[in-house]
Amino acid sequence: MRLLAPSILAADFLHLEKDIRLINGHADIIHLDVMDGTLVPNISFGFSVIDAVAEIAEKPMDAHLMIVHPEKYFARCAKAGCSMLSFHLEAARKARRSPARLLDEVRSLGMTPGLAINPDIPVEDVFPYLDHAGYILVMSVFAGFGGQKFIPETYGRVKALKAEIARRGLDCMVEIDGGADLSNAAALYEAGVDIIVAGSAVFKAPDPAAAIAAMKGA
Ligand code: DX5
Ligand code: ZN
């Protein structure tokens with residue numbers, strides 16, 4: 001699959017409705033970055049913003065929870081209308097919670113469950129959970145801020161992950177997030193990425209719809 005998920009973290013929050021409407025017809029998924037200032041060194045937005053986006057979103061919403069104790073908010077994300085939800089393996093470890101159980105819990109709430117890892121976590125660490133995950137979110141920058149430089153080691157990590165998914169015949173997508181733009185989109189899809197998350201490359205472009213089309217067709 002070659003899907004593109006704009007991250008509204010890079011949108012113009014003074015004109016969020018305008019920005020969502022610009023991408024509504026072109027995006028495949030709308031990516032929502034929730035940060036708590038504890039798991040990651042930045043704070044973004046919460047349910048007041050997600051609920052507002054949900055009112056006008058015409059595409060499935062993907063919540064990327066960069067927070068400790070993500071399980072506290074699974075039901076609230078489902079209520080807000082999220083179709084996909086990822087949490088970090090690092091958060092599950094900190095809370096001493098079983099990632100497999102947390103993924104199952106997300107699925108039981110009707111959402112596609114995703115497991116996210118920062119670039120310093122070996123990709124093999126998610127292998128035990130591939131049967132439970134609908135997607136793996138391989139961070140291509142360290143989670144916390146938009147506009148960072150893409151980490152090229154991501155290609156090898158994606159390929160290793162795709163090979164393991166194929167070897168076991170699993171139905172698990174691969175999403176990457178951070179520093180994606182027109183210069184690396186084609187190579188990322190070729191490496192096996194199913195969903196590219198892009199913030200700056202979409203919303204800081206003069207024409208966000210054209211930027212999405214260009215990246216998908218790259
Ligand atoms: C980073 C976020 C990303 C970010 C991507 O922690 O998870 O979704 O918004 O932004 P760009 O595409 O600008 O790197
Ligand atoms: Zn994200």
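These legends describe close-up views of a predicted model.

**View 1. The largest pocket and its lining.** The largest pocket has a volume of about 300 Å³. It is lined by 26 residues, and those closest to its centre are Gly146, Gly147, Gly178, Gly179 and Gly199. Strands S2 (30-35), S3 (61-66) and S8 (195-198) each give two or more residues to the lining, as does helix H8 (200-203). By class, the lining holds 12 nonpolar, 10 polar and four charged residues.

**View 2. The zinc ion (ligand 2) and its protein donors.** His31 (NE2), Asp33 (OD), His64 (ND1) and Asp177 (OD) lie 2.0 to 2.3 Å from the zinc ion. Six donor atoms surround the zinc ion, and their angles run from 67 to 167°, so the arrangement is octahedral. Along the chain the donors follow the spacing H-x1-D-x30-H-x112-D. His31 in strand S2 and Asp177 in strand S7 (residues 173-177) are 146 residues apart, so this pair links distant parts of the chain. Both His31 and Asp177 are buried.

**View 3. Phe13 and Phe45, a tilted aromatic pair.** The whole structure has four aromatic pairs. In the pair of Phe13 and Phe45, the centres are 5.9 Å apart and the planes make an angle of 45°. Phe13 sits in the loop between strand S1 (3-6) and helix H1 (16-24), and Phe45 in the loop between S2 and helix H2 (47-56). They are 32 residues apart. Phe13 is partly exposed, at 40% relative accessible area. Phe45 has 8% relative accessibility, under the 20% cut-off, and therefore counts as buried.

**View 4. Phe47 and Tyr73, a tilted aromatic pair.** The ring centres are 6.2 Å apart, with the planes at 35°. Phe47 belongs to helix H2, whereas Tyr73 lies in the loop between S3 and helix H3 (74-80). Tyr73 is partly exposed, with a relative accessible area of 35%.

Technical notes: Residues numbered from 1 in each chain as written. Chains lettered and ligands numbered in written order. Predicted model: local features only at pLDDT ≥ 70, side-chain atom pairs only at ≥ 80, totals over all residues. Heavy atoms only, no water. 1 Å grid on protein atoms, 1.4 Å probe; cavity = no way out; pocket = protein on both sides within 12 Å on 5 of 7 lines; lining within 4 Å. Points joined across faces, edges and corners; volume = space filled by probe spheres on them. Helix = DSSP H or I, 4+ residues; strand = E, 2+ residues; numbered from the N terminus. Nonpolar A, V, L, I, M, F, W, Y, C, P; charged D, E, K, R; others polar. Donors = N, O, S within 2.8 Å, 3.2 Å for Na, K, Ca; no water. Tetrahedral: all angles 85-135°; square planar, octahedral: opposite > 155°, others 65-115°. Buried < 20%, exposed > 50% of the residue type's maximum accessible area, 1.4 Å probe, protein only. Phe/Tyr/Trp six-rings, centres within 6.5 Å; stacked < 30°, edge-to-face > 60°.
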